[in-house]
Each structure stands twice: as C-alpha cells, then as structure tokens.
Amino acid sequence: MTKEIRLNAFDMNCVVHQSAGLWTHPRDHAVDYTGLEYWTELAQILERGCFDGLFIADVLGVYDVYGGNVDTAISQGIQVPLNDPVLVIPPMAQVTKHLGFGVTCTLSFEPPYPFARRMSTLDHLTRGRIGWNIVTGYLNSAAKGVGMDAQNAHDHRYDIADEYMEVVYKLWEGSWEDDAVVRDRHNRVFARPDKVHKIHHEGENYRVDAIHLCEPSPQRTPVLYQAGASNRGCEFAARHAECVFLLGPSKQVVAPRVADIRARAARYGRNPAEILIFTLMTVIVGRTEAEAKAKFDDYRSHISHAGALTLFSGWTGIDFSRYALDDPIRYLKNDAINSAVEAFTLADPNRTWTVREIAEFVGIGGMGPILVGSPEQIADELESWIEVTDIDGFNLCYAVTPESFTDFVDLVVPEMQRRGVFKREYREGTLREKLYGRGRARLPESHPANAYRPRAATAATDATAATDTAPAPLVNDDSGVRALTVC
C-alpha cells in the first residue's frame, strides 16, 4: 500500500517566522498577522489543499543572543512582536471543517491545571481538531520574563516535563468518566458527582488537588506533537509523542534520527509505525523549473543575513555576531536547542559549514532544506524523502505568505494526488481519527496516558484502539472531489 504523505503548514503569529527579511517582499502578507482575515484565509487555503493541519510555532522570550541584545530582532521583526497562537485557532476552526491545528505551548512557565483547561476548551471549540506541540523552551529571556534568573538545565527541563505530562494525563483522562455528563433536564442533573474524580498529585515539581474543570472533550488528550531532537528530547518523544517534528538540512541528517525515534518508541512498548514523523521543508514551485528558479532568486534578494543569524543564535545559544562570515562553525553543547548546531556539525561530518553559508541556508525557511522546481520535480523529491528517511510527512515553511502555500496547493497537491500518494478528501472524525482512522478519537492503550483512566471507562475504547494500530489508509475516492477545490 502506498504510504500517504502527510502535510502541515508551518507558521507563527508574528511578522518573521523562519524567513528573515522576506516580509519586505511586495507579495508577502505576514505583516497582516494581527488581523483575523490573515488566519481565516490561510486556513481555507490549507483545507482546500487537504493539509492535515496548521502547525503554529511559538516561543516565550526574545532572540537576544546575537550581539548580546534584542536590537536586531526588533528592527528586523524576528519573532517579535509575537502574539498568542491559541487565540487565532477558534476563528480558523469556524471557517473550516477538517483542518487540524497543532499549537506550540511551553510547559515550563505555566502550571498544568489552567493549561489543561485551555486545551480541553480548544478541543471542544474545534470539535476535536486540536493538537499540542510540547516544548520546554530554550530562551533565557523567556525565563527572565517570568521571574527566573535563567532557564533550567536542558535535560532537567525534560525531567520536569515528564511529571507535567503525568499531571495533565490525570486531569484529561482520569477526572471525568465518559458517562459523567448526563444533561438530565427532567431531574435537574447535569453531571453525576460520583463520576467526577478529584486528582491528587504530589510530585517534585507540582501539587494538584482538584477536579479537571472541563467535561470530556472529543479527544480528551489533544494529539501530542513534540519537536525536541536531543538525546533527552528523543526519549521524551518516544514515550509521549504521536507526531514528532525533526529538523535537518539533508536526508543524511534526518534518516538516523527517524530510525532512532522509532527504535526508542518500540522499547516503550509502542508501535513504531504509529509515530508520525514530520521534517521541515520549504518548497518553491513554479509551473516550470525555470519559473521556480526565477522565483527563488527573487526571494533570495530579500534575505536578511543579520536576521537569519539572529534566529540561529537564539536556537543554538551561540552569538554568531562574534564570528566572521567565513569562519567554520563547530559543535558546542549548551542549554539551547542542542540538535540545531548538531545538524550542521556532528550529524554531517563530510561537510563543514561557514557562518555565511548558515545565514544563506537559514534565510529562507529556517533549518530545513529548500526544494525548487516544477510540480513533477517537487513531487519526486518529496517521495524520495519519504522513501530514504522513513518520515511520514512535512511541516512546510513559507518564503512568502500566503503565496508559498497557495502555490503548493495549486501546483504540487494535484501532482501528488495524480500519483496516489496524497489524499483527495478528508476522513471524518477528530484530528486523531483523521490521522489514524475511525474509532481512534482517544489515545491507544499502549500510550502512558492510559494508566490514568478509570478502568471501567476504558474497556470499549481500548478494544477499539487495539484493532487499529497503524495510520489510516489513504483515501483516494474521486467521487469526493468538490468543485473549485483541490481535494
């Protein structure tokens, strides 16, 4: 059976997400990010192209590593100003029916009790189309913003995150039984108190003695994304994540990371095929190769090298303003994103990158590769990535928004559909069911969250999940094609 290519669009509630300087392009609309129309129109474009979801990045804090200050970040609009990603999701859900929403929320600076309520609320409002990208943060400026002297050490942040997950699993899965809400108007009983349980948690980092404030949402626990690629981050992902976001500039870098994640998941008793792995990719497509290359050259003329190095300095914790542009970069371990500098040093020993080359590479789309070509060439390369690395799909970054996404929907999606590697219509159900098949609205029995469910309430769900332990088959029913849409 043909492996379905999964697609997320990758964006952020700011002017410059990954492509530093491209906001100055005359066709770019990222400066409109403060308006609802920017987000609702983007959501409708993505649903027209049958994208699985919109993956919304976020970070607390500012990029102040480059030059030791925030000046370049502010002047270049590098992920500052930055609005809350959660608040744009309900209006996008209102104008779509199927598109999923993966939202990045940092667990290091918010107690699990109010956070669990916000995710349940989003799951209700989207009718089960919400996912959570679990991150622990990487900027010291974020820690200082919430009153800490500095962020916790890298691996210790994941130790805290493991306990955080235990608490939210208890709240989402264990507080309200499936039949707690009865909505009995005749007897004036909305919910049965005997079916609602107080969560008692006493841990090293968190104490909770309360019921979950929300009734069970369609998925209970949102679809769990994770984007850490360090050794400790991979271990966390193998235990908790359903979808993993890996970064790497080449297949050579990404392939072993994919194999490592799947092997670790198997050691936790999980089905490795169930871990859907996405890698970052930027696609610049034209009707012909020549048209695509001309578009790429046009985009490159707008790159801000200082802005790109501001991003890379923040990701790696290394101040690249101290280096000459032709200096080679070396590996340095610190408490930022360890995998970011590894990808350009240890992971590919056959190549030495200079600071200038990093700035050019990161300037469009961040740390992922850029594909430039015709629809046929792009589809060929996407299929090659799937085959060589064993990833499941891509988080597509933009050079110019929404043009990059519109081009992909209009040109690449039809070619992938013609080849039978991309769906022509959406499956019904929640985001988790769209990814894994009907009857999989909730996490499977093999997931650690299962340990916190009331035993009597899980039997039917677990029996269903046990019979459906791989991603859902590709839907390619031509009868589902709608007028004026790609899918």
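**Figure 1. Helices H10 and H12 cross at roughly 95° in this predicted model.** H10 covers residues 305-316, and H12 covers residues 355-362. Their axes come within 8 Å. Angles of 65 to 115 degrees count as roughly perpendicular, so H10 is roughly perpendicular to H12. The model is predicted, not experimental.

**Figure 2. Residues of H10 meet residues of H12.** From H10 come His305, Ala308, Leu309, Phe312 and Trp315. Their partners in H12 are Val355, Ile358, Ala359, Glu360 and Val362. Sorted by class, this contact has eight nonpolar residues, one polar residue and one charged residue.

**Figure 3. Helices H6 and H7 pack at an angle of about 15°.** H6 runs through residues 154-174, and H7 through residues 231-240. The two axes lie 9 Å apart. Angles under 35 degrees count as roughly parallel, so H6 is roughly parallel to H7. The crossing of this pair is right-handed.

**Figure 4. Side by side, H6 and H7 make contact through these residues.** H6 supplies His154, Asp155, Tyr158, Asp159, Ala161, Asp162, Met165 and Tyr169. H7 supplies Arg232, Gly233, Phe236, Arg239 and His240. By class, the contact of H6 with H7 has five nonpolar, three polar and five charged residues.

**Figure 5. The largest nonpolar core holds 84 residues.** Six of its residues touch the most other members: Leu54, Trp132, Leu382, Phe394, Phe408 and Met416. Helix H6 gives the most to this core, with ten residues. A second, separate core has 45 residues. Phe245, Phe278, Ala308 and Ile318 are among them.

**Figure 6. Phe394 and its contacts.** Which residues does Phe394 contact, leaving aside neighbours within four places in sequence? The list includes Ile5, Arg6, Leu7 and Asn8. Phe278, Thr279 and Met281 are also in contact with Phe394. Leu382 and Phe394 both belong to the largest nonpolar core. Phe278 belongs to the second core.

Figure 7. Of its 487 residues, 60% count as buried. How many contacts join residues at least 24 apart in sequence? Among contacts between residues at least 6 apart, the share is 77%.

Definitions and conventions. Residues are numbered from 1 along each chain as its sequence is written. This is a predicted model: local features need pLDDT of at least 70, side-chain atom pairs count only at pLDDT 80 or more; totals for chains, interfaces and linings use all residues. Side-chain values use heavy atoms; hydrogens and water are left out. Axes are lines fitted to C-alpha atoms, for helices over the stretch in contact, and angles run from 0 to 180 degrees between N-to-C directions. Helices (H or I, at least four residues) and strands (E, at least two) are DSSP runs, numbered from the N terminus. Angles under 35 degrees count as roughly parallel, over 145 as roughly antiparallel, 65 to 115 as roughly perpendicular and the rest as oblique. Contact means heavy atoms within 4.5 Å. Ala, Val, Leu, Ile, Met, Phe, Trp, Tyr, Cys and Pro count as nonpolar, Asp, Glu, Lys and Arg as charged, and the others, Gly among them, as polar. A crossing is left-handed if the near helix is turned anticlockwise from the far one by less than a right angle, and right-handed if clockwise. A nonpolar core is a set of buried Ala, Val, Leu, Ile, Met, Phe, Trp, Tyr and Cys residues joined through side-chain atoms within 4.5 Å. Buried means under 20% relative accessible area, exposed over 50%, partly exposed in between (1.4 Å probe, protein chains only).
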